[in-house]
Amino acid sequence: ATLKMVKRLNFLLQNQIAWRSSLLKAAAVTLAFFGVYILNFSFWAVLGLFLVLLPSIYFRESPERQSVKVSFWLFPFLGLIALYILKSSFPSNFAVFAVVALLLLFFISLFGLISFIFTNRFLFFGIFNAALFFSLFLEAFYYSLALILSLSWVFTVFYWLALFLAVVFLFKEFFEFYGISLKGKIGIVGVVLGFVVFELFLIVSFLPLCFVNAAAFLTLFALLIRDSLAQHFQGFLNFPFILRELTYFILVGLIIFAASRWGI
């Protein structure tokens, strides 16, 4: 009983240290983001942000950082784009502080995953991965298809390629985090899923949905195929699971479409 108590106290102490470390690192990165916003996205401010992320934090993390490296580097870019959209289109103090608070929460979660803070890491990573999908699609749909096509074809190709690769690597990271390798073929699966999601992105872009509802619907679809394939690869896929996932997809999809203003 004494040995169990000692182990329990040691675990609690290590957990408190990990929480404190994650909070401090997340606060440092979030302050760097806020500095970029205040300094109007100057080159030196952005460079300072990535210097905080790369040598000061990333390479000092445990080797477990490799399991979330896609999320670690994709999320800062999404955060910068979100702050830029706020700076140019919604210069509201409340909106800025809300995004900064979300940045802090996201980085606490990310560092917590690396430090094994969460008891159910797989469940928490699934939620974190879903939030990244939604953030990615939210920003992608914010810039409408008409606007993208009105720019140079080089920018349009680069924009679509970046979106496609981000989706591919998010799927790939999710499956690898769950220990699904498929004998090295997981990259091919990610490319196929990325192509399917990108095709649906183009279709949804033509629908009269606001960018929030469009992002929510595409995220819902991505989660449906992500979780179904994960269950299949792990040998747990069954008819009740498929029926439940389809029911969620139909119900939530109907809510999204019903909440949209259908007008051209």
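Predicted model: local features only at pLDDT ≥ 70, side-chain atom pairs only at ≥ 80, totals over all residues.
## Helix packing and the nonpolar core

The axes of helix α7 (residues 153-177) and helix α9 come within 11 Å of each other and cross at roughly 35 degrees.

**Helix α7 with helix α9**

- Where α7 passes α9, the crossing is right-handed.
- From α7, the contact is made by Phe171, Phe174 and Phe175, while α9 brings Ala222, Ile225, Arg226, Asp227, Leu229, Ala230 and Phe233.
- Sorted by class, the residues of this contact are eight nonpolar, no polar and two charged.
- Phe175, leaving aside residues up to four places away in sequence, touches Ile180, Ile186, Val189 and Leu193, and also Arg226, Leu229, Ala230 and Phe233.

**Helix α8 with helix α9**

- Helix α8 (residues 186-205) packs with helix α9 (residues 211-233) at an angle of about 155 degrees, and their axes are 10 Å apart.
- Because angles over 145 degrees count as roughly antiparallel, α8 is roughly antiparallel to α9.
- The crossing of α8 with α9 is right-handed.
- On the α8 side, the contact is made by Val189, Leu193, Val196, Val197, Leu200, Phe201 and Val204, and on the α9 side by Ala214, Phe217, Leu218, Phe221, Ile225, Leu229 and Phe233.
- The residues of this contact divide into 14 nonpolar, no polar and no charged.

**Helix α2 with helix α3**

- Helix α2 (residues 43-53) and helix α3 (residues 69-89) pack with their axes 12 Å apart, at an angle of about 155 degrees.
- That angle makes α2 roughly antiparallel to α3, and the crossing of these two helices is right-handed.
- In this contact, Val46, Leu49, Phe50 and Leu53 of α2 meet Phe72, Trp73, Pro76, Phe77 and Leu80 of α3.
- The contact of α2 with α3 consists of nine nonpolar residues, with no polar and no charged ones.

**The largest nonpolar core**

- The largest nonpolar core has 78 residues, and those with the most contacts inside it are Leu49, Phe107, Phe137, Phe171 and Phe175.
- Helix α4 (residues 93-114) gives the most to this core, contributing twelve residues.
- Among the residues with the most contacts inside the core is Leu49, which also takes part in the contact of α2 with α3.
- Phe171 and Phe175 are likewise among the residues with the most contacts inside the core, and both belong to the contact that α7 makes with α9.

Conventions. Residues numbered from 1 in each chain as written. Heavy atoms only, no water. Core = buried A, V, L, I, M, F, W, Y, C linked by side-chain atoms within 4.5 Å. Buried < 20%, exposed > 50% of the residue type's maximum accessible area, 1.4 Å probe, protein only. Helix = DSSP H or I, 4+ residues; strand = E, 2+ residues; numbered from the N terminus. Contact = heavy atoms within 4.5 Å. Axes fitted to C-alpha atoms, helices over the stretch in contact; angles between N-to-C directions. Parallel < 35°, antiparallel > 145°, perpendicular 65-115°, else oblique. Left-handed = near helix turned anticlockwise from the far one by under 90°. Nonpolar A, V, L, I, M, F, W, Y, C, P; charged D, E, K, R; others polar.
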